[in-house]
Amino acid sequence: MLPVQPGYGSGSGQRRGDRKAARADPSAPPFVRDDAEACWDLPATPETPGIARKLVREALAAWDLSGLADDLAVVVSEVVTNAVVHAKSAMTLSLHRQGGNVRGEVADHSPVWPTPLPAEPDEEHGRGLAIVAAYTER
């Protein structure tokens, strides 16, 4: 299970107080406070979930934690997709290493918290938060 930090996530409306204005280029190097944190400002575009998965894999490889990459990439992709589709705003993706664990956070500008929606078996959407819950712990 991957830890989730309460108070952050798609819909939290929170921003990191020590950050500058969002960079438009998601390929820019991350804002790194130390060797245990990486943050990227990302736009709300259809390509952003794929970019976020790549950034997660690269950061975890740099931290020698590639074993967490598949699970964290799924979680981050789901939450970033929610921010793109529902918040429709730029967002900040942050990874925080704590020993052998990593906490991922996605902060967007929506004042509305995500709400799980019931999904019928034949629907393509509506399972993202259930997927996140299955892969994470609080």
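The following conversation goes through the main features of this predicted model.

Reader: What should I know before reading the numbers?
Author: Residues are numbered from 1 along each chain as its sequence is written, and side-chain values use heavy atoms, with hydrogens and water left out. As this is a predicted model, local features need pLDDT of at least 70 and side-chain atom pairs count only at pLDDT 80 or more, while totals for chains, interfaces and linings use all residues.

Reader: How many helices and strands does the protein chain have?
Author: The protein chain has three helices and five strands, in the order β-β-α-α-β-β-α-β along the sequence. Helices (H or I, at least four residues) and strands (E, at least two) are DSSP runs, numbered from the N terminus.

Reader: What share of the residues is buried?
Author: Of its 138 residues, 40% count as buried. Buried means under 20% relative accessible area, exposed over 50%, and partly exposed in between (1.4 Å probe, protein chains only).

Reader: Turning to helix 1, which of its residues are buried?
Author: They are Thr48, Pro49, Ala52, Leu55, Val56, Ala59 and Leu60. These residues lie on the same side of helix 1 because they cover an arc of only 125° around the axis; the arc is that of the directions from the helix axis to the C-beta atoms.

Reader: And what do those buried residues pack against?
Author: They pack against strand 2 (37-42), helix 2 (69-87), strand 3 (91-98) and strand 4, where contact means heavy atoms within 4.5 Å. The face turned away from the buried side carries the exposed residues Lys54 and Ala62.

Reader: Which residue does Lys54 meet in a salt bridge?
Author: Lys54 meets Glu58, at 2.7 Å from N to O. A salt bridge is a side-chain nitrogen of Lys or Arg within 4 Å of a carboxyl oxygen of Asp or Glu. The two residues are separated by about one helical turn, because they are four residues apart in helix 1.

Reader: How many salt bridges are there in the structure?
Author: The structure holds four. One of them joins the side chains of Asp70 and Arg57 at 3.0 Å, N to O. That pair links distant parts of the chain, with Asp70 in helix 2 and Arg57 in helix 1, 13 residues apart.
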